[in-house]
Amino acid sequence: METFLIKASQLLLSLSILVLVHEFGHFLFARIYKTRVEKFYLFFNPWFTIFKFKPKNSDTEYGLGWLPLGGYCKIAGMIDESMDKEQMQQPPQPYEFRSKSAGKRLMIMIGGVLFNFLLALFIYSMVLFTWGDSYVPLKDIKMGMEYSDTFKNIGFEDGDILLRTDEVALERFQADAFRSVVKSKYVTVLRKGKETTIAIPEDMMQRVMRDNKGFANIRYPFVIKELSSEVTNAASAGLQPGDSIVCINGVTTPTYYDLSKLLREEAGKEVVLGFYRNGMEMALPVQVDATGRIGIHAKDLSELYTSIKLSYGFFQSFPAGYNLGINTLKGYVNDMKYVFTKEGASNLGGFGAIGNLFPPVWDWYTFWMMTAFLSIILAFMNILPIPALDGGHVLFLIYEVITRRRPSDKFMEYAQIAGMILVFGLVLYANGNDIFRFFFK
């Protein structure tokens, strides 16, 4: 339950930031062009509102809704999700959206997307300024990778060190490396000191999405960093920080994942752990609790391998953040083509899938990196030319600029309804996938 609450809190805070910034983008450009904003809400408020207020001499009502599916910036004289037909039947007023030029209306509509993208670039820049960037070069990961069954089926073996895709050298293990692998014709790995070439099928991405088992993890030994104060079995048995665990009941566990898997299998039993301490091989009996824990925390990757660390000054962080944001956007846009495949559609996820992107413990670095990524996703999804989304309004405005003919209010009403049905259908489908995976997978 605690893990769920931590993930849910991170998701709610992240969405709140993204929604406020998005709606503020619309709000700001509306005010710049002297367009009245009637309501500015965080989250939707069907039937009732948690909180609302209207400052004296202000045309705008500010409020907090209860349905965290987005936000709401109601601009006077605009056909939107409010479907305010009565207002649209009145003569146009100078302060209304419909009375402004196409260029001004276009800027008001892209304001939300623009601010979400700028927010992502700013967050990436500040993350790099605060924490810098560090990674372990793939060539230096001596234990190689541990691959999913999907990749083992085409010839990968645990321990293979990734070197090249086609003729392009791989530097670091990240999303770009995965994309490079699945798009390549062949991958070169270092296997037991010799270079080996593995052919990659053309439908590799579809196989990955169908199997839903991922790509690979970096292999590293299980070296105790510290003993837990909550589960004290390991401490009571005599284990110490710095011990390198290498086997359970005589079964070799060369990596962190091997040990974690065997501990789960031995839940509730007493096991004999073999380990090295100061170069000496030792063994101790340890009781495993019902959840597969013995009360030890392992050293992470950066503590076991030599990392390359990059630091950025305040002004240096902005171009670096810009490059990271653009690269993230390009990768996401490239991945979108798979959504329209059978395998991609089945992997669509809703709030449950998004929430699981956050870690089970509160980590500000991960939180801000995920928020920046979600901000890019929100910007891209909103600019898609779908009625009811910003991109749909932009599409009709571009049509108006080119043809010098404005779509009728009746057409815009029907387009808005159709778009809302489509969007809510996608939301229901994506969250339905979450529910199905939770109960049946």
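**Sheets, cores and selected residues of a predicted model**

Strand E1 (residues 37–44) and strand E4 (residues 67–75) run antiparallel and are joined by six bridges. Helices (H or I, at least four residues) and strands (E, at least two) are DSSP runs, numbered from the N terminus, and two strands pair if DSSP finds at least two bridges between them. The structure is a predicted model, in which local features need pLDDT of at least 70 and side-chain atom pairs count only at pLDDT 80 or more, while totals for chains, interfaces and linings use all residues. Residues are numbered from 1 along each chain as its sequence is written, and side-chain values use heavy atoms, with hydrogens and water left out.

Strands of a sheet pair through backbone hydrogen bonds, in either a parallel or an antiparallel manner.

An open sheet is formed by four strands in the order E8-E7-E9-E10, with antiparallel pairing. Strand E8 (168–169) and strand E10 (194–199) stand at the edges with a single partner strand each, so one side of each has no neighbour in the sheet. Two bridges connect E8 to strand E7 (residues 161–165), and Arg164 has Ala169 in E8 as its bridge partner.

As a whole, the protein contains 15 helices and 18 strands. Its C-alpha trace spans about 90 × 50 × 50 Å along the principal axes. Of the 441 residues, 42% are buried; buried means under 20% relative accessible area, exposed over 50%, and partly exposed in between (1.4 Å probe, protein chains only). Contact means heavy atoms within 4.5 Å. Among contacts between residues at least 6 apart in sequence, 64% join residues at least 24 apart.

Nonpolar side chains in soluble globular proteins tend to be buried together. A nonpolar core is a set of buried Ala, Val, Leu, Ile, Met, Phe, Trp, Tyr and Cys residues joined through side-chain atoms within 4.5 Å. The largest such core has 28 residues, and those with the most contacts inside it are Tyr147, Phe151, Phe156, Leu162, Val181 and Phe215. Two or more residues of this core come from each of strand E6 (145–147), helix H5 (175–183), strand E9 (186–191), helix H6 (204–211) and strand E11 (216–218). When residues up to four places away in sequence are not counted, Phe215 touches Glu146, Tyr147, Ser148, Phe151, Leu162, Phe173, Phe178 and Val181. A second, separate core of 23 residues includes Leu15, Met336, Ile376 and Ile377.

Two further residues were examined individually. Pro359 is located in the loop between helix H12 (351–355) and helix H13 (364–382). This proline counts as buried because its relative accessibility is 15%. Apart from residues up to four places away in sequence, Pro359 touches Ile6, Lys7, Gln10 and Thr366. Pro359 and Met370 are 11 residues apart along the chain, and their C-alpha atoms are separated by 9.9 Å. Gly103 belongs to helix H3 (residues 102–131). With a relative accessible area of 41%, Gly103 is partly exposed. Gly103 and Phe424 are 321 residues apart in sequence and, C-alpha to C-alpha, 29 Å apart in space.
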